[in-house]
Amino acid sequence: MALPPDADLDDRQDFNETFPERAALRGPRAAAHDIEHVFVRPGRPQHDAVMELHAAEPVDVLLTDPAFLGGALLAGHPAGVRPPLVVGGVFPLMISSRDTAPFSMGLPPVRGPLGRLRNAALAALVDRTVFARSREIVDDMYRDLHGRPFDTPVFDWPRHADAIVQFTVPEFEYPRSDAPANLRFAGALPASGTAAPLPDWWGDLDGSRPVVHVTQGTIANKDFGQLVAPALEALADEDVLVVVATGGRPLDTLPPLPGNARAAELLPYDELLPRTDAYVTNGGYGGVQLAMRYGVPIVATGGHEDKPEVGARVAWSGVGVRFRAERVAPRALRRAVRRVLSDSAIRTASRAMAARMAESDGMRVLTEVLDGLSAAQRTTRSGR
């Protein structure tokens, strides 16, 4: 059963067209708008759709992502009334902690009492500004369903799920002394394949010069002026081969390619990344995990949604260079790429991260969690 339209906002759409008032917003007001309209308001229809499906045909396990706020409302039901909930960690951990700054600020942790004092002050500020309206809305929906207040920060709801399966390794995530017991780290999921044939220039990846892969992912790729165009300009005269993936957009939407650049709409990462020496990205979480899986140093720019948090972890973990801005000047990008290609500390950290990733198996961990909860659910229903 598909979710109804008011419960399923496709993030491939242009939200400035869907919500015309959004385009003029900046900073905390922009974040507050997106949290309210993109994540929170669809929560009740999401809840209702899942519970309707569960009543018609019992669901063994519901696998969702942290932004599915219907999960917060579902978690308020007793375990026997709702399906078991598993949150797949496809963003950096969003749950709050005394050891971390609030999610979306892109601030690395500061150790000790001073850091905790900073985190508490920032959490109070964000709660009064970014999350104030959203918390009211969630609380109203929660009271209407369960007759009691919603006593958790909005993005802390996965603490009440049956499991959180985070698709990274602990070395890429900030330490949390108050991490929930339902959290498991799984490592990266396998690279998704593509049915597209290899491009005719694939033979150019012959190891004769470093390969720099540039991508804006499959969603935030409507404006190649954010990263792809500056990167092409930055690297046009460098002794590297620049490989661009448009994320499915037609190649004629790209700016003119310099002589050392190649492009395709989609590329098989399990074949490309082992041949890649630097990964230049706007901070998509999944792509960064795959780059680390193959030990590729990263240059990450900023942006919206979870991208500031991804970039902050790239720098904190030592596997690359991070820019806070969404748009970076070509000269700065050139320096960053040169750095990750030559900096021995970054390359050593990237290799260590790849070794740690190799010890993990995201699909196996996810399968274990799903199978265990599914079996328990079927046993409960059968009364055994």
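How many bridges join β8 to strand β9 (residues 298-300)? There are three, and the two strands run parallel. The model is predicted: local features need pLDDT of at least 70, side-chain atom pairs count only at pLDDT 80 or more, and totals for chains, interfaces and linings use all residues. Residues are numbered from 1 along each chain as its sequence is written, and side-chain values use heavy atoms, with hydrogens and water left out.

View 1. Strands (E, at least two residues) and helices (H or I, at least four) are DSSP runs numbered from the N terminus; two strands pair if DSSP finds at least two bridges between them. Strand β5 (residues 211-215) pairs with β8 in the parallel sense over four bridges, with Val-214 opposite Val-280. Val-280 also stands opposite Val-299 in β9. From β8 the chain crosses through helix α9 (residues 285-293) to β9, a right-handed β-α-β crossover (clockwise from the first strand over the helix to the second, with the strands pointing away from the viewer).

View 2. Buried means under 20% relative accessible area, exposed over 50%, and partly exposed in between (1.4 Å probe, protein chains only).

**View 3. Arg-324 in the loop between β10 (320-322) and α11 (330-342).** Arg-324 counts as exposed because its relative accessibility is 54%. Leaving aside neighbours within four places in sequence, Arg-324 is in contact (heavy atoms within 4.5 Å) with Met-105, Gly-106, Leu-107, Gly-302 and Gly-303.
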